[in-house]
Amino acid sequence: VWFLSGERFEGPVHVNFNLQIDGDPRFGGEVRAGGGLTEKTGSNPIFEQGYELNVPTIPLPADSYPTDTIKPAAESGGLALPVLSGNDAEYEIDLDYYGPGLLAYRGYEGGTWSAWSAQHDISALNGAIYSPEPLRLSGVLDGQVTIGVEGNVYVVDDILYDGVAPGSTPPSGCDDVLGIIADGDFVIAYEPPNYNDCMFYGVAMALEKNIEAEDYMHHAPRGAMEMYGGIIADYSSHFGQYDNDGNLISGYTRDFNWDARMLTMPPPFFPLTGRYLILSWEEVVPPEV
């Protein structure tokens, strides 16, 4: 994974391998890498708070998987969705389907979508939602919740916080916070709402492989992937493809912004080990076998 021209990272960044630069990305916070620095010829990265190399690597938190904490919590005061049948089964959640703080879900199995569920008041839940199937997700969150998913999570439209102007960092008085833990990939879906920019507010952790834009190596450029919160990948992060001159030819440029509220108000039941994992994008290299 390379950090590229036009990309912006506000907040602490940690990678467990080499820090790889191609062009002039800008880092507004401290940068740490478990390996060395690799720069392609002509690169001119901007490190506003410097960088540190050959630092200790950071493992993923203990008890990270949805079945460790999210599922038990969802079954005792949260929202635990039932198992569906069929290899193509999946769920969809709209965080404000019935209005602010009132989510709904529907299931897909046997080639058919069910009707949307009755409304679920997020404030009445204990903060945990569990899906035993892959999940499509969209909407505006009014509340505090962590969603644990068996399989991939697909962001099918912007995911925003209620009362926060899209494209701005949540202010200190905002009390909305979202965590997503995928026992699979975290994917920005290639669907019409995401063809021109995509915004994601929250902290996402992909436990099995990638955080990526779907089909990022094809189709016309899609603008910017704006994130306000944190991203943690077990393996790597892929959002766009560039030509030799540093021009985006498919996918997104990355514009990742740190949500400092996470230091004192992390998502409920979200696994923590330190400020880099909870607050920043992470590339964790798989162990050698």
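The radius of gyration of the protein chain, taken over C-alpha atoms, is 18 Å, which agrees with the value near 19 Å that a compact globule of 289 residues would have; the globule rule is 2.2 Å times the number of residues to the power 0.38. The structure is a predicted model, in which local features need pLDDT of at least 70 and side-chain atom pairs count only at pLDDT 80 or more, whereas totals for chains, interfaces and linings use all residues. Residues are numbered from 1 along each chain as its sequence is written, and side-chain values use heavy atoms, with hydrogens and water left out.

Along its principal axes, the C-alpha trace spans about 55 × 45 × 40 Å. Two helices and 27 strands make up the secondary structure of the protein chain; these are DSSP runs of at least four residues for helices (H or I) and at least two for strands (E), numbered from the N terminus. Of the 289 residues, 53% count as buried (under 20% relative accessible area with a 1.4 Å probe, protein chains only; exposed is over 50% and partly exposed in between). Among contacts (heavy atoms within 4.5 Å) with a separation of 6 or more, 60% are accounted for by residues 24 or more positions apart.

The accessible surface, from the Shrake-Rupley method with a 1.4 Å probe, comes to about 11800 Å², and carbon and sulfur atoms contribute 48% of this area. The protein chain carries 12 positive and 43 negative side chains, the centres of the two sets lying 4 Å apart. Lys and Arg are counted as positive and Asp and Glu as negative, without His or the chain ends; each charge is placed at NZ of Lys, CZ of Arg, CG of Asp or CD of Glu.

Strands E1, E4 and E7 form an open sheet in the order E1-E4-E7, with parallel pairing (two strands pair if DSSP finds at least two bridges between them). Strands E1 (3-4) and E7 (37-39) stand at the edges with a single partner strand each, so one side of each lacks a neighbour in the sheet. E1 is joined to E4 (residues 19-22) by two bridges, and Leu-4 has Asp-22 as its bridge partner in E4.

Strand E20 (residues 186-188) runs parallel to E22, to which three bridges join it, with Phe-186 opposite Ile-211. Both faces of E22 (residues 210-213) are covered: Asn-210 and Glu-212 on one side, and Ile-211 and Ala-213 on the other, are all buried.

Thr-253, in strand E26 (residues 248-258), is buried, with a relative accessible area of 17%. Beyond its neighbours within four places in sequence, Thr-253 contacts Glu-7, Gly-223, Ala-224, Met-225, Tyr-242 and Leu-248.
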